[in-house]
Amino acid sequence: MIRLEHVSRTFREKNLEVHALQDVSLQVQEGEIYGIVGFSGAGKSTLIRLVNRLETPDTGTVRVDGEELSGLKGKALSILRRKIGMVFQQFNLLEGKTVYHNIAIPLRMEGRSKAEIERRVSEVLDFVELGEKKNAYVSQLSGGQKQRVGIARALATKPKILLCDEATSALDPQTTESILKLLKRVNQEMGITIMLITHQMQVIQMICDRVAVMENGKIVEEGNVLDVFGQPQAEVTRRFVRTVINDQVPETFYDTIRSENRHYRLEQLKFIGDTVNEPVIASLCRREGLDVNIVGANISPMQGSMMSVFILQLIGDSEQINAAEAYIDKSGAIRKRLIIDWENRTVTETA
Ligand SMILES: Nc1ncnc2c1ncn2[C@@H]1O[C@H](COP(=O)(O)OP(=O)(O)O)[C@@H](O)[C@H]1O
Ligand SMILES: [Mg+2]
């Protein structure tokens, strides 16, 4: 539905060159929620602006619905833009006008009759659960309500694609969650494909099907959300995943475990979705005769499923622990052995 191939974009200001996008390729399928995450300056906004032709690439191609955008002008360009709604971090609403007025703007631009506009505004306002605010001034609304209006305005012309540029970044966590739920409904109930960019990993975790991670104008990693969260490859991805899933050894660990004078190994186990059907931890004790100490645990909901991370101290002799590792690896859990650096109080993961 959206396809970027080898797209680059460089900005030149005086003698300075900024490579905002470097050889970026990606594909967004119809009906999915595709998230792009990256720190500030990574090139996310530039990328999303290519999709509705607010920005053009220096090299490479951008296609929406199979149509290459570079040649579009006049009528063809307005047809493209009608397919695409956009939601912004700062809402971009006319604060001094009513909710109704704001949502009616794109419909007026399409030349709709007054009756049609009335009907459609009511429809989308009901959808975003703000029906009673129709005649309120935008300036009287909370941030979350303003973003609902922003979404309603984007939906007014029945787009096939919704682009969201940091749509929840100006909102508190609770409001963020309600806006994300609304976007999920937009996707599921209206069948609208969503491409969103964010610097918040919990946004990806809550609603995205697939994710691309951007750094310095490049996509460094891409895939299904469960896969990327379960086995992040790039360092920047690990940092992002750590902001929502704590897979670290707790600080107190270094003080408590020293007193343990029996032989042990430390392992990190990840269980993603329903890929593991056995009671792994119980079996370690029963089958391998080990003592298992749960040092850390974190369970996160993701994509209607679950991802859990356990830090286990396997206590037993080397042979028992070797057998236990083999059993874990066979179970489908993702295992990493953790090596402790006592001096610096850090651990490193080994395969
Ligand atoms: N119109 C522009 N002129 C000059 N530099 C720009 C312009 N737009 C973006 N940039 C630069 O390109 C880089 C990527 O910006 P942007 O796409 O906004 O990143 P993000 O949205 O990930 O924060 C930044 O270094 C930014 O300063
Ligand atoms: Mg941005």
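**Figure 1. Overview of the predicted chain.** The accessible surface of the chain amounts to about 17000 Å², and carbon and sulfur atoms contribute 46% of that area. The model shown here, as in the views that follow, is predicted. The chain contains 12 helices and 15 strands. Its C-alpha trace extends over about 80 × 50 × 35 Å along the principal axes. Of its 351 residues, 50% count as buried. Among contacts with a separation of 6 or more, 69% are made by residues 24 or more positions apart.

**Figure 2. The surroundings of ligand 1.** The shell around ligand 1 consists of Phe-11, Glu-13, Val-18, Ala-20, Phe-39, Ser-40, Gly-41, Ala-42, Gly-43, Lys-44, Ser-45 and Thr-46. By residue class, the shell comprises five nonpolar, five polar and two charged residues.

**Figure 3. Polar atoms of the protein beside oxygen atoms of ligand 1.** A polar backbone atom of Gly-41 is placed 2.6 Å from an oxygen atom of ligand 1. For Gly-43, a backbone N or O atom is found 3.0 Å from an oxygen atom of the ligand. Thr-46 takes part through its side chain, in which an N or O atom is 2.6 Å from an oxygen atom of ligand 1. Ligand 1 taken alone exposes 560 Å², of which the protein buries 63%. Strand S1 (2-13), strand S2 (16-28) and helix H1 (44-51) are the elements that give two or more residues to the shell around the ligand. Of these elements, H1 gives the most, with three residues.

**Figure 4. The hairpin of strands S9 and S10.** Strand S9 (residues 210-215) and strand S10 (residues 218-224) run antiparallel and are joined by six bridges. Arg-210 stands opposite Asn-224, a residue of S10. Two residues lie between the strands of this hairpin. In the turn, Asn-216 adopts a positive phi of about 50°.

**Figure 5. Gly-144 in helix H5.** Gly-144 belongs to helix H5, which covers residues 143-155. Its relative accessible area is 11%, and Gly-144 is therefore classed as buried, the limit for that class being under 20%. When residues up to four places away in sequence are not counted, Gly-144 touches Leu-171, Thr-175 and Ile-179. Thr-168 is 24 residues from Gly-144 along the chain, and the C-alpha atoms of the two residues are separated by 8.6 Å.

Figure 6. Glu-325 is located in helix H12 (residues 318-331). Glu-325 counts as buried because its relative accessibility is 6%, where buried means under 20%. The side chain of Glu-325 forms a polar contact of 3.0 Å with the side chain of Arg-337. A polar contact of 3.3 Å links the side chains of Glu-325 and Arg-335. With neighbours within four places in sequence left aside, the residues in contact with Glu-325 are Arg-265, Glu-267, Arg-335 and Arg-337.

Note on methods. Residues are numbered from 1 along each chain as its sequence is written. Chains are lettered from A and ligands numbered from 1 in the order in which they are written. This is a predicted model: local features need pLDDT of at least 70, side-chain atom pairs count only at pLDDT 80 or more; totals for chains, interfaces and linings use all residues. Side-chain values use heavy atoms; hydrogens and water are left out. Two strands pair if DSSP finds at least two bridges between them. Helices (H or I, at least four residues) and strands (E, at least two) are DSSP runs, numbered from the N terminus. A residue is near a molecule or strand if one of its heavy atoms lies within 4 Å of it. A polar contact is a pair of N or O atoms within 3.5 Å; within protein, one must be able to donate a hydrogen and the other to accept it, and residues adjacent in sequence count only if both atoms are side-chain atoms. Accessible areas come from the Shrake-Rupley method with a 1.4 Å probe; for residues, only the protein chains shown count as cover. Ala, Val, Leu, Ile, Met, Phe, Trp, Tyr, Cys and Pro count as nonpolar, Asp, Glu, Lys and Arg as charged, and the others, Gly among them, as polar. Buried means under 20% relative accessible area, exposed over 50%, partly exposed in between (1.4 Å probe, protein chains only). Contact means heavy atoms within 4.5 Å.
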